[in-house]
Amino acid sequence: MSAARVVAAEQEVLPAAKALHDLDGEIAPLLHCLEQDLRRGAGQLSEAARMMGALGPRAAALAPALREALSGTDGDTTPALDTDTALAEALWRVTGDADAVVAVLDSVFTRAEQNPWSQWSVVRAAHATVLLGPAGRPLSARLEAALDDPTQAAAAVLALTAVGEPASLDRTALAEAALRSAEQDADPEGACDALEALGPHALTGDQPRRLAALADGDARVVRSGVEHRVIRQDEALQNRARALLTACPAPATP
C-alpha cells in the first residue's frame, strides 16, 4: 500500500490515486491529481469532472480550481459544450451553487445554437438541469425551445418536469413532444423516461393509442443502431411502453 501512496503522491498518476482512494479511502492524492488535471485543461477536464462529481462535497477544496476551469467557457464545438456541462454538473454536486451552475448551463444552451451538430450536447445539458430541480427553473425557456427538435425533446420534457412548477406544466403538450421523439426513433428511451416523469394522466386524446402502437405495433420503433443490439433495444422499449400504457387510466365510457 505504501508503494501505491508513493505512485499516487509523487508521480501524480490519476488511476493509482483513484485505486488508493477506492482501497482505503485516502483522498488527498486523488484531490491533488484532479486539481492538476483541472489546471491542465483540455482532454483531462471531463474525466476530472466526473470523478469530482462522484466525490461530491468531499471535493470542496477543489471548488476554486473547478470555477477557474469554467471561466473560459466560450467554445461552441461539441467537445467544448459537453466538457462545460460535465464541469457544471460537478460544480453542482460539489458545491450546490445553483446560480453558478445555471449560468454555465445557460451559456451551453446559448452556444449550442451556433452549432448545427449540437443536439446531443443539448440533451446532456438538459439531463444536467434535471439534477437542479426547482433551482433550474431559470432555464425553462431554454428547455422549451428544445421541444420542437425530436432529438432534444425527450430530455427537455424530463428537465421541465423536474424544474417547473407542477401546476403550470402543460403535461399534454409535453407528452406530445415525448411521443414524437419516440415515434421518430430520435430518443425513444428518453421519451419513456419523460412519459414516466409526466405521469399516466398526461396522455389524452389519441395519445394512449399512439403509445399502444409503440408497445404492440408491428413496426419497429428502434430502427437504427448496432445491428445485433437493435432487436433487444426495441423489445426493451416495447416492454417499457406496455408498462406505461398499463398505468394509464381506462378511457371513460360514453
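The protein chain holds 14 helices and zero strands. Helices here are DSSP runs of H or I with at least four residues, strands are runs of E with at least two, and both are numbered from the N terminus. Read along the sequence, the pattern is α-α-α-α-α-α-α-α-α-α-α-α-α-α.

This is a predicted model, in which local features need pLDDT of at least 70, side-chain atom pairs count only at pLDDT 80 or more, and totals for chains, interfaces and linings use all residues. Residues are numbered from 1 along each chain as its sequence is written, and side-chain values use heavy atoms, leaving out hydrogens and water.

**Confidence**

pLDDT is the predictor's confidence in each residue, from 0 to 100. Its mean over the protein chain is 86, and 87% of the residues reach 70 or more. Over residues 6-11 the pLDDT is below 50, and this stretch has 11 contacts in the model beyond near neighbours in sequence. Contact means heavy atoms within 4.5 Å. Where pLDDT is low, the predicted coordinates should not be read in detail.

**The whole chain**

Of the 254 residues in the protein chain, 45% are buried. Buried means under 20% relative accessible area, exposed means over 50%, and partly exposed lies in between (1.4 Å probe, protein chains only). The chain exposes about 12500 Å², with carbon and sulfur atoms supplying 55% of that area. Accessible areas come from the Shrake-Rupley method with a 1.4 Å probe; for residues, only the protein chains shown count as cover. Among contacts with a separation of 6 or more, 62% join residues 24 or more positions apart.

**The core**

The largest nonpolar core has 71 residues, and L34, L38, M52, L87, L105, L195 and L211 touch the most other members. Helix α10 gives the largest share of this core, eight residues. A nonpolar core is a set of buried Ala, Val, Leu, Ile, Met, Phe, Trp, Tyr and Cys residues joined through side-chain atoms within 4.5 Å. Take L211: leaving aside neighbours within four places in sequence, L211 is in contact with L179, L195, L203, A241, L244, L245 and C248.

Helix α11 covers residues 171-183, and its 13 residues should span 18 Å at 1.5 Å a residue. The expected span is 1.5 Å times one less than the number of residues. The end C-alpha atoms are 18 Å apart, which agrees. L174, A175, A177, A178, L179, S181 and A182 are buried in α11. The buried residues of α11 pack against α10 (150-163), α12 (188-198) and α13 (207-216).

D185 lies in the loop between α11 and α12. Its phi is near 55 degrees, a positive value in a residue other than glycine. D185 counts as buried because its relative accessible area is 14%.

**Two polar side-chain contacts**

A polar contact is a pair of N or O atoms within 3.5 Å; within protein, one must be able to donate a hydrogen and the other to accept it, and residues adjacent in sequence count only if both atoms are side-chain atoms.

| Side chain | Partner side chain | Distance |
|---|---|---|
| R240 | D193 | 2.7 Å |
| S121 | D82 | 2.8 Å |

R240 sits in helix α14 (residues 227-247). Beyond neighbours within four places in sequence, R240 is in contact with E189, C192, D193 and E196. S121 belongs to helix α8 (residues 119-132). At 1% relative accessibility, S121 is buried. Setting aside neighbours within four places in sequence, S121 is in contact with T78, L81 and D82.
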